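I opened the model today and looked up a few points. My notes follow.

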Amino acid sequence: METRPETRLRTRELTLAYEERTVVHELDLAIPDGKVTVIVGPNACGKSTTLRALGRLLKPKGGAVLLDGEELAKLPTKRVAQNIGLLPQTPVAPEAISVGDLVARGRQPHQAWWKQWSEEDERAVVDAMARTDVTTLADRSVDELSGGQRQRVWIAMALAQETDLLLLDEPTTYLDIAHQVEVLDLVRRLNRARGRTIVLVLHDLNQAARYADHLVAMKSGHVVAEGAPDEVVTADLVRDVFGLDSVVVPDPVTGSPLVVPGAPWSADGVGETEQDEAVRG
Ligand SMILES: Nc1ncnc2c1ncn2[C@@H]1O[C@H](COP(=O)(O)OP(=O)(O)O)[C@@H](O)[C@H]1O
Ligand SMILES: [Mg+2]
């Protein structure tokens, strides 16, 4: 019998649309438990739309998202929030909220009217802020932070929720390269040390290939390829999905596939095209 990875979160013929415009078409996607899954694809191919549906921010037009075999749409909100944390691509903070208060909102799914703010809540918030290096910002207003600081505060909020499933949409946007690596290393540590299942949308294909256990390449609302990065990332795939000529070599640090764009290449401008050939005759 075929052995398949366990998946708590999956989609079944999931179709997603805005008004009459269908963006994601009958998607069957299984998120492997305890792994880092990274979704890549060109702008506007439906990555964020898919992620939002996985976190129940968007209702399916057809098909379903299943959590532990049950339709996400039919589950109580609290149960969803206790299991799935989602950081959208462009989250919006309540006006003038402080960093500490925003991160504490990550504990909302664990709150109830009869329950005081517990030591457990406090520990989760302190821990999440320390891990994302925002502890010293606790009393600052979120409005007045830099893009990179704000991004780390959002990640802290998502971490404070302490869900087994964590969905992060381009969490490295606005971050300088050192903080990008820090966030991605943190994500991987959460996965390796605590067994969290993580789904990331990343626009950097090379980072995706480095950090993914399972890579999903999307184009026009369909999955074009999925699997281990070294199986998925090939020059053919990059041409098909991104319309880019490239050479794929082993990353000198990790051995994962490294996409080097631009082949053929000429130093005085663009690569040789059919027109160039025509000009040369
Ligand atoms: N709220 C919205 N209303 C209408 N169209 C949207 C909305 N959000 C996204 N879209 C459209 O859906 C398509 C997929 O968007 P998105 O999932 O954000 O792409 P990606 O994250 O891959 O860049 C795009 O054409 C985008 O313009
Ligand atoms: Mg997006």
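The model is predicted, so I kept its limits in mind: local features need pLDDT of at least 70, side-chain atom pairs count only at pLDDT 80 or more, and totals for chains, interfaces and linings use all residues. Residues are numbered from 1 along each chain as its sequence is written, while chains are lettered from A and ligands numbered from 1 in the order in which they are written.

Entry on the ligand. I listed the shell around ligand 1 (C-beta, placed from the backbone, within 6 Å); among its residues are Tyr18, Val23, Asn43, Lys47, Ser48 and Thr49. Helix α1, residues 47-54, gives the most to this shell, with three residues. Helices here are DSSP runs of H or I, at least four residues, and strands are runs of E, at least two, numbered from the N terminus.

Entry on α1. I counted a residue as buried if 20 or more other C-beta atoms, placed from the backbone, lie within 10 Å of its own. Six of the eight residues of α1 are buried, so the helix is largely enclosed by the rest of the structure. Lys47, Thr49, Thr50, Leu51, Ala53 and Leu54 are the buried ones.

Entry on the sheet. I traced six strands in an open, mixed sheet, in the order β7-β8-β9-β4-β10-β11; strands pair if DSSP finds at least two bridges between them. β7 (84-87) and β11 (222-227) are at the edges with a single partner strand each, so one side of each has no neighbour in the sheet. β4 (36-40) and β9 (197-201) pair in the parallel sense over four bridges, and Val36 stands opposite Ile198 in β9.

Notes
Buried ≥ 20, exposed ≤ 12 C-beta atoms within 10 Å, placed from the backbone.
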